[in-house]
Amino acid sequence: MPKLWTDTIAGHRESVREAVLDATASVVAERGLTGVTMSAVAQRAGVGRATLYKYFPDVESILTAWHQRQVADHLRQLTEIWTETGRLEAVLEAYAFICHEHPPSEPAASLHRSEHVARGREQLVDFLAGLMTDVRDDVPAKELATYCVHALGAAGAVPSKAAVRRLVAVVLSGLRGEAGR
């Protein structure tokens, strides 16, 4: 069992929680969402099931917490890309690849209908709108951002990275109001 104790009780609790979420990510990667069980997560995290139940009442609550962390990590990643590059194209391409790497599935549908996803999507739209203030003057930036989020969400259904890049190019063309070729 890994040594999870840190200097404070709050720190210890956060370490256990992170270990559980890391274990959940590992189990999801190995078995898929439907393969996550309390026993598997407890074993992978190196904690007893009784301890796990002190933190999370059921698998659904673990998956929700894990997914909330995923959404926050994706938003952080997009912000870092903007900070590093200052290029809207780079941010939109990164978002499209996130969607491509996490295609919609039936087991994930309940997670994607959660309140934290709606909040994350709203944060994403607001973030992108802030980057699009100078893109066009005939359409509000928030509408442009919403268009990009919905259009690039389709990247989860395209077959290849090349197709993702083509989708990004089409969205950028539409975003800028360029005529088709």
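At 1% relative accessibility, Cys148 counts as buried. The model examined here is predicted. Cys99 is also classed as buried, at 12% relative accessibility. The cysteine sulfur closest to that of Cys148 belongs to Cys99. The two sulfurs lie 12 Å apart, which is too far for a bond. A disulfide is a covalent bond between the sulfur atoms of two cysteines. The cut-off applied to the sulfur pair was 2.5 Å. Across the whole structure, the search returned zero disulfides.

Helix H9 was examined next. H9 covers residues 161-176, a run of 16 residues. At 1.5 Å a residue, H9 should span 22 Å. The C-alpha atoms at its ends are 23 Å apart, which agrees with that expectation. The buried residues of H9 are Ala163, Val164, Leu167, Val168, Val171, Leu172, Ser173 and Leu175. These buried residues pack against two helices, H5 (88-101) and H8 (141-152).

Ser160 sits in the loop between H8 and H9. Its relative accessibility is 26%, so Ser160 counts as partly exposed. Ser160 and Asp137 are 23 residues apart along the chain, and their C-alpha atoms are separated by 34 Å. Just after H9, Gly177 adopts a positive phi of about 75°.

Charged pairs were then considered. Side chains of opposite charge can pair when their charged atoms come close. The search of the whole structure gave nine salt bridges. Glu30 takes part in a salt bridge with Arg44, at 3.2 Å from N to O. This pair links distant parts of the chain: Glu30 belongs to helix H1 (residues 9-31) and Arg44 to helix H2 (residues 38-45), 14 residues apart. Glu30 is exposed, with a relative accessible area of 53%. Arg44 is partly exposed, at 35% relative accessibility. Glu30 also forms a salt bridge with Arg31, where the closest N and O atoms are 3.7 Å apart. Arg31 has 42% relative accessibility and therefore counts as partly exposed.

Another salt bridge joins the side chains of Arg136 and Asp138, at 2.8 Å from N to O. Arg136 is partly exposed, with 24% relative accessibility. Asp138 has a relative accessible area of 51% and is exposed. The cut-off for exposed is over 50%. Elsewhere, Glu18, Asp22 and Arg69 are linked in a network of salt bridges.

Technical notes. Residues are numbered from 1 along each chain as its sequence is written. This is a predicted model: local features need pLDDT of at least 70, side-chain atom pairs count only at pLDDT 80 or more; totals for chains, interfaces and linings use all residues. Side-chain values use heavy atoms; hydrogens and water are left out. Helices (H or I, at least four residues) and strands (E, at least two) are DSSP runs, numbered from the N terminus. The expected span of a helix is 1.5 Å times one less than its number of residues. Buried means under 20% relative accessible area, exposed over 50%, partly exposed in between (1.4 Å probe, protein chains only). Contact means heavy atoms within 4.5 Å. A salt bridge is a side-chain nitrogen of Lys or Arg within 4 Å of a carboxyl oxygen of Asp or Glu.
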